[in-house]
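Hi everyone, thanks for making time this morning.

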Amino acid sequence: MTDQTQSVPVLLRRLDAELPVPAYAHPGDGGVDLCAAEDVVLEPGTRALVGTGLAIALPAGYVALVHPRSGLAAKHGITVLNAPGTVDAGYRGEIKVCLLNTDQHNSFTITRGDRIAQLLVQPIPSVRFIEVDTLPGSHRGEAGHGSSGGFSAASPSAKD
């Protein structure tokens, strides 16, 4: 982003001077790339906490969210297990990414310096919870998981 009115200053400490500073791959991108600070082999169905060699200090009222990279997910089945991972404004330790290999047959090798995730910095309001005996009604009401449908194979008429 080149527009200084939209930029948020984030203090960055490189714990590994040989790794690049996070950067946007393309103008207008929402997230910056995070790189692996170590070599890791993810066997099928396994997970690993991978360091990035970075620590940040976010301004109050902001959160950084760690998202999977779409290419790693689509081509290799590599995702962020707790997506999105949350980096709170008060956290000062190394950003680590919990990666999962969802491929059932192939291992995946991450090499130091590989781009493994995206980091999105977003404003986040603090909330104040107000306890009540009942909640106001809504169109959706208490309809939960799967209530909006969307899968024709799961509907009774699709089986006829």
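Let's start with D33, which counts as buried because its relative accessibility is 13%, and buried here means under 20%. Keep in mind that this is a predicted model.

So what does D33 pair with? One partner is R69: the two side chains meet in a salt bridge, 3.5 Å from N to O. D33 sits in strand β2, while R69 is in the loop between β6 (62-67) and α1 (70-76), so this pair ties together parts that are 36 residues apart in sequence.

D33 also forms a salt bridge with R115, and there the closest N and O atoms are 3.2 Å apart. R115 belongs to strand β11, so this bridge from strand β2 ties together parts 82 residues apart in sequence. R115 itself counts as partly exposed, at 41% relative accessibility.

How many salt bridges does the structure hold? Four.

Now on to another of them, between E18 and R112, with the closest N and O atoms 3.2 Å apart. E18 lies in the loop between β1 (11-14) and β2 (32-35), and R112 in the loop between β10 (108-110) and β11, so the pair ties together parts that are 94 residues apart in sequence. E18 is exposed, with a relative accessible area of 69%, whereas R112 is partly exposed at 31%. D16 joins in too: D16, E18 and R112 are linked in a network of salt bridges.

Next, let me take you to T52. Buried or exposed, would you guess, for T52? The answer is buried, with a relative accessible area of 2%. T52 lies in the loop between β4 (47-51) and β5 (54-57). A polar atom of the T52 side chain is 2.7 Å from the backbone oxygen of I95. If we leave aside neighbours within four places in sequence, T52 is in contact with L19, L34, C35, A37, E94, I95, V97 and I116.

Last stop, the surface. Which residues make the nonpolar surface patch of about 340 Å²? They are I130, V132 and L135. L135 is found in the segment after β11 (115-123), and L135 is exposed, with a relative accessible area of 72%.

That's my tour, and I'm happy to go back to any part of it.

How values were computed: Residues are numbered from 1 along each chain as its sequence is written. This is a predicted model: local features need pLDDT of at least 70, side-chain atom pairs count only at pLDDT 80 or more; totals for chains, interfaces and linings use all residues. Side-chain values use heavy atoms; hydrogens and water are left out. Patches are made of residues with over 30% relative accessible area and no salt bridge: like charges are joined within 9 Å, nonpolar side chains (Val, Leu, Ile, Met, Phe, Trp, Tyr) within 5 Å. Accessible areas come from the Shrake-Rupley method with a 1.4 Å probe; for residues, only the protein chains shown count as cover. Helices (H or I, at least four residues) and strands (E, at least two) are DSSP runs, numbered from the N terminus. Buried means under 20% relative accessible area, exposed over 50%, partly exposed in between (1.4 Å probe, protein chains only). A polar contact is a pair of N or O atoms within 3.5 Å; within protein, one must be able to donate a hydrogen and the other to accept it, and residues adjacent in sequence count only if both atoms are side-chain atoms. Contact means heavy atoms within 4.5 Å.
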